[in-house]
Amino acid sequence: SQKIINMLQELKTVEERYRQVVSLLSDPTVTSNVQKIKELARERAELEPLVKKYEEFKKVEKELAESSSILSEADSDPELKHLAEAELESLKSKKEALEKELKLMLLPKNPNDEKNVILEIRAGAGGDEASLFAQDLLRMYTRYAEQKGWKWELMDVSYSPIGGIKEAIVNIQGKKVYSWLKYESGVHRVQRVPKTEAAGRIHTSTATVAVLPEAEEIDLKIDPKDLKIEAFGASGPGGQNVNRNYTAIRITHKPSGLVVSCQDEKSQHRNKERALKILRTRLVDIAQSEQHSRISQDRKRQVGSGERSEKIRTYNFPQSRVTDHRLNENFYDIEAIMDGDLDEIIEKLVVYFQTRALEENRSEEIANQPVEF
């Protein structure tokens, strides 16, 4: 079909570019330019998995042609014909599976996928129990980060009177962190008997999670004149003042009205650095959200992308069950999940959203086909 022809043409172009990049990396005129070498090495790393998969696809195509040839010459030998037919079926299945993988790999990449993230967790409806649940989510994500070999740093935290958290902001750094965590944004709901409930009734409360790709200075320049920076004394659990040296920092971005506070470090300079990082990330996120909103209005439909207002997951403790509402699927062993064992859920979400994007692409191709009268 034309779609397969287009895909193969695209793969051929990718392969040619990969060979060109590999050649440039050993070119003496390029090796003296450190920045160029970095860019080319990054491009090679991005293209290599696709090229390897394409080589696998071409090998299967070649084997298919050979098996078809044996089959056409196997009339006199029934046993050889039977073997060739079995081999042909197996190769056809392999080719179909590789075609599907290649289509997914050719989907446009999210430019933020390689980035580190600023993860924000806030207690929602449910009072003290919501703050305890927010604390559980914080532990879940930091344990998951440790399992993935990522570094994490608590940038700011605001405690509730009973020791839960009203809000926590974590910086998570590592390989492709955003690509793994981007579908976690949304409302998380818990159903359990709270520690604060004497009567033993099951209570429902919520917490919201926002996963923002960390913005670098190159992503957004902030004019210092647009900032109001204030120092204040940090407070700990229960609201007591833990620092009389006014090391906590509050930054107000005058044009947007955004306010960011940071008090977790003992150094005013470190708190200012962290607050600026959070502010820059939130400003870039607002700009991108506005752009996505305009695009979705233009297209008259919204591709599911884990909108933060959506209830995405329910953690039901009495039944030891976690339900992801986008997958419409239950996962058991809630203790392991709360201890950071999230890979199964996240891997299924990646496949789910990739498949949706593939269907979206297919619908667009059909819509863009010329109408014949």
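Visitor: Which side chains meet in a salt bridge of 2.7 Å, N to O?

Guide: In general, side chains of opposite charge can pair when their charged atoms come close. A salt bridge is a side-chain nitrogen of Lys or Arg within 4 Å of a carboxyl oxygen of Asp or Glu. Here the side chains of Arg 313 and Glu 184 form such a bridge, at 2.7 Å from N to O. This pair links distant parts of the chain, 129 residues apart: Arg 313 lies in strand β9 (residues 311-316) and Glu 184 in the loop between α6 and β4. The model is predicted, so local features need pLDDT of at least 70 and side-chain atom pairs count only at pLDDT 80 or more, while totals for chains, interfaces and linings use all residues. Residues are numbered from 1 along each chain as its sequence is written, and side-chain values use heavy atoms, with hydrogens and water left out.

Visitor: Is Arg 313 buried or exposed?

Guide: Buried means under 20% relative accessible area, exposed means over 50%, and partly exposed lies in between (1.4 Å probe, protein chains only). Arg 313 has 0% relative accessibility and therefore counts as buried. Glu 184 is likewise buried, with a relative accessible area of 0%.

Visitor: How many salt bridges does the count come to?

Guide: The count is 29 salt bridges. Among them is one between Arg 192 and Glu 129, at 2.5 Å from N to O. Its partners are 63 residues apart, with Arg 192 in strand β4 and Glu 129 in helix α5 (residues 127-147). Arg 192 is buried at 12% relative accessibility, and Glu 129 is buried at 3%.

Visitor: Where do Glu 15 and Arg 19 stand in helix α1?

Guide: Helices (H or I, at least four residues) and strands (E, at least two) are DSSP runs, numbered from the N terminus. Glu 15 and Arg 19 are 4 residues apart in helix α1 (residues 2-25), which means that about one helical turn separates them. Their side chains meet in a salt bridge of 3.4 Å, N to O. Glu 15 is buried at 12% relative accessible area, whereas Arg 19 is partly exposed at 40%.

Visitor: What joins the side chains of Lys 182 and Asp 113?

Guide: A polar contact is a pair of N or O atoms within 3.5 Å; within protein, one must be able to donate a hydrogen and the other to accept it, and residues adjacent in sequence count only if both atoms are side-chain atoms. Such a contact, of 2.8 Å, joins Lys 182 and Asp 113. Lys 182 is found in the loop between α6 (177-181) and β4 (186-192), and it is buried at 15% relative accessibility.

Visitor: What is the order of the open sheet of 3 strands?

Guide: Two strands pair if DSSP finds at least two bridges between them. The order is β6-β7-β8, with antiparallel pairing. The edge strands, β6 (227-232) and β8 (258-262), each pair on one side only. Strand β7 (residues 248-253) pairs with β8 over 5 bridges, and Thr 252 stands opposite Val 259 in β8.

Visitor: Which residues does Val 260 touch?

Guide: Contact means heavy atoms within 4.5 Å. Leaving aside residues up to four places away in sequence, Val 260 touches Ile 249, Arg 250, Ile 251, Ala 275, Ile 278, Leu 279 and Arg 282. Val 260 belongs to strand β8 and is buried, with a relative accessible area of 2%. From C-alpha to C-alpha, Val 260 and Ile 249 are 8.2 Å apart in space, and they are 11 residues apart in sequence.
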